[in-house]
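These notebook entries record what I looked up in one structure. I set down the conventions first and the findings after them.

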Amino acid sequence: MSRAGRRANALHVNNGHALAGCGPLRVLLLCLCGALSLAVVLALYLSAEPSSSLQQHAAHLIRDRNAHKPNKYSVAQIKKFAAQVDGHRLWETHLRPLLNERVPGTAGSQTIRQHILSQLGSLSAGWTLEENSFVSSTPKGKVTFTNVLAVLDPSASRRLLLACHHDSKILPADPKNPKRVFVGASDSAIPCAMILELATALDTQLEALKRQRSAVTLQLVFFDGEEAFEEWTETDSLYGSRHLAELMARTPHPSGSTKTTLLQAVDLLVLLDLLGGPEPLIVNHFDNTARWFDRLIAAERRLHKQGLLTSHPSEQSYFRKDFYLGPVQDDHIPFLNRGVPVLHLIPTPFPVFWHTLDDAEERMHRPTVENLTRILAIFVAEYLGL
Ligand SMILES: [Zn+2]
């Protein structure tokens with residue numbers, strides 16, 4: 001992501017037409033086209049729902065999203081969900097295979113995507129998995145990007161999205177030691193491993209949630225192409241998230257619907273980035289999701305009080321609402337610009353090792369990663385009512 005910068009502007013599409021010259025044949029053709037267009041417009045008008053009805057359906061989704069209440073767990077339940085998070089599995093099974101170069105369109109990217117798919121595919125919840133590939137122009141020419149998507153119940157009317165980016169930035173290897181390459185441990189191998197561990201830790205309850213056909217389901221998104229190939233610009237960055245937000249905005253949901261889209265079905269996008277170092281300070285970025293940020297603060301406090309967090313000096317060490325350090329460009333932007341509520345879980349200021357070869361396993365802090373995963377396990381479980 002970009003340290004500086006403001007929100008990207010929404011794209012403006014020019015729909016202007018130029019007028020053609022006139023000849024008798026052309027006039028006849030124009031008349032025929034005109035008649036045809038009129039017929040098509042009339043047919044569409046007669047078959048279409050009144051626009052007030054379309055607005056109503058979208059309004060229902062927003063009303064349900066705004067009215068959504070999380071479960072508030074007892075101490076026993078907090079303990080149960082915290083105990084399901086396995087720090088060793090997170091590190092050894094989920095993280096370690098991700099600690100390689102993961103540049104879009106390379107074999108390294110393909111290998112880690114296979115890892116993500118096989119981990120999720122081995123769970124009993126029965127995730128619907130998809131590789132969402134597309135080609136985009138970059139400063140290095142055309143590149144194939146692939147987002148990895150996992151949905152628990154694709155037919156559920158609403159979704160909670162948990163997201164990270166799986167690609168790594170192109171950085172030169174250490175000139176003194178060419179084997180020392182950029183692995184982006186916090187950027188964003190660890191956030192991806194945390195999401196894999198959350199899916200694994202909550203597997204039994206997620207399977208039950210799917211069986212109950214609950215209204216809100218969970219979707220995991222592993223974006224490709226978050227990083228710029230050269231300098232961060234609106235076109236050289238966020239390749240995967242720009243593609244997916246645009247795709248979801250034109251995908252009917254429920255399937256076949258003429259009323260609402262997949263993007264409108266997103267209750268909340270929770271984006272994890274740059275997590276893994278010690279003492280992260282994660283601030284609240286958006287007023288409209290402040291009540292959800294409060295649930296993170298509450299989970300941190302409650303887990304601390306139960307002695308379930310390690311190397312955690314005070315009950316409010318990570319999540320803070322009392323100050324703000326400015327906007328950050330990241331994969332949430334294409335969703336935010338389309339009205340999706342966002343929780344952006346990223347430390348500010350950025351870690352000192354950001355975009356250097358030091359963003360490696362040695363600089364990570366395992367107790368912090370395990371603590372954050374426990375907090376998120378409570379958050380997700382409460383949100384979905386597991
Ligand atoms: Zn980065």
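**Entry 1. Conventions.** I note that this is a predicted model, in which local features need pLDDT of at least 70 and side-chain atom pairs count only at pLDDT 80 or more, while totals for chains, interfaces and linings use all residues. Residues are numbered from 1 along each chain as its sequence is written.

**Entry 2. Whole chain.** I found 11 helices and eight strands in the chain. Helices (H or I, at least four residues) and strands (E, at least two) are DSSP runs, numbered from the N terminus. I then looked up burial: 39% of the 386 residues count as buried. A residue is buried if 20 or more other C-beta atoms lie within 10 Å of its own, exposed if 12 or fewer, and partly exposed in between, with C-beta atoms placed from the backbone. For contacts with a separation of 6 or more, I recorded that 79% come from residues 24 or more positions apart. Two residues are in contact if their C-beta atoms, placed from the backbone, lie within 7 Å.

**Entry 3. Core.** Which residues touch the most other members of the largest nonpolar core? They are Met194, Ile195, Leu198, Leu269 and Ala377, in a core of 92 residues. Helix α6 (residues 185-201) supplies the largest share of this core, 11 residues. A nonpolar core is here a set of buried Ala, Val, Leu, Ile, Met, Phe, Trp, Tyr and Cys residues joined through C-beta atoms within 7 Å. As background, I note that nonpolar side chains tend to be buried together in soluble globular proteins.

I followed Ile195 further. Leaving aside neighbours within four places in sequence, Ile195 is in contact with Leu162, Cys164, Leu220 and Leu272. I then turned to Leu162, which is found in strand β3 (residues 158-165). Leu162 is buried, because 27 other C-beta atoms lie within 10 Å. With neighbours within four places again left aside, the contacts of Leu162 are Ile195, Leu198, Leu218, Leu220 and Val270. I also recorded a C-alpha separation of 8.7 Å between Leu162 and Phe222, which are 60 residues apart along the chain.

**Entry 4. Helix α4 against α6.** The axes of helix α4 (residues 87-95) and α6 come within 9 Å and cross at roughly 115°. α4 is therefore roughly perpendicular to α6. Axes are lines fitted to C-alpha atoms, for helices over the stretch in contact, and angles run from 0 to 180 degrees between N-to-C directions. Angles under 35 degrees count as roughly parallel, over 145 as roughly antiparallel, 65 to 115 as roughly perpendicular and the rest as oblique.

I listed the contact residues as Arg89, Leu90, His94 and Leu95 of α4, with Ala189, Ile190, Ala193, Met194, Leu196, Glu197 and Thr200 of α6. By class, this contact of α4 with α6 has seven nonpolar, two polar and two charged residues. Ala, Val, Leu, Ile, Met, Phe, Trp, Tyr, Cys and Pro count as nonpolar, Asp, Glu, Lys and Arg as charged, and the others, Gly among them, as polar.

**Entry 5. Helix α6 against α11.** For α6 and helix α11 (residues 366-384), the axes come within 10 Å and cross at roughly 50°. The two helices α6 and α11 are therefore oblique to each other. Ile190, Met194, Glu197, Leu198 and Ala201 in α6 meet Val369, Leu372, Thr373, Leu376, Ala377 and Val380 in α11. The contact of α6 with α11 has nine nonpolar, one polar and one charged residues.

**Entry 6. Backbone details.** Where are the cis peptide bonds that I noted? One joins Asp187 and Ser188, with omega about 5°, and Ser188 lies in helix α6. Another runs from His253 to Pro254, with omega near -5°. Pro254 lies in the loop between α8 (239-249) and β5 (266-272).

I also checked phi. Glu279, a residue other than glycine, has a positive phi near 50°. Glu279 is placed in the loop between β5 and β6 (282-283) and counts as exposed, with 12 C-beta neighbours inside 10 Å. Ser311 is not a glycine either, yet has a positive phi of about 50°. Ser311 lies in the loop between α9 (290-305) and β7 (319-320) and is partly exposed, with 13 other C-beta atoms within 10 Å.

**Entry 7. Glu315.** Glu315 lies in the loop between α9 and β7. Leaving aside neighbours within four places in sequence, Glu315 is in contact with Glu300, Arg301, His304 and Lys305. Glu315 and Arg302 are 7.9 Å apart, C-alpha to C-alpha, and 13 residues apart in sequence.
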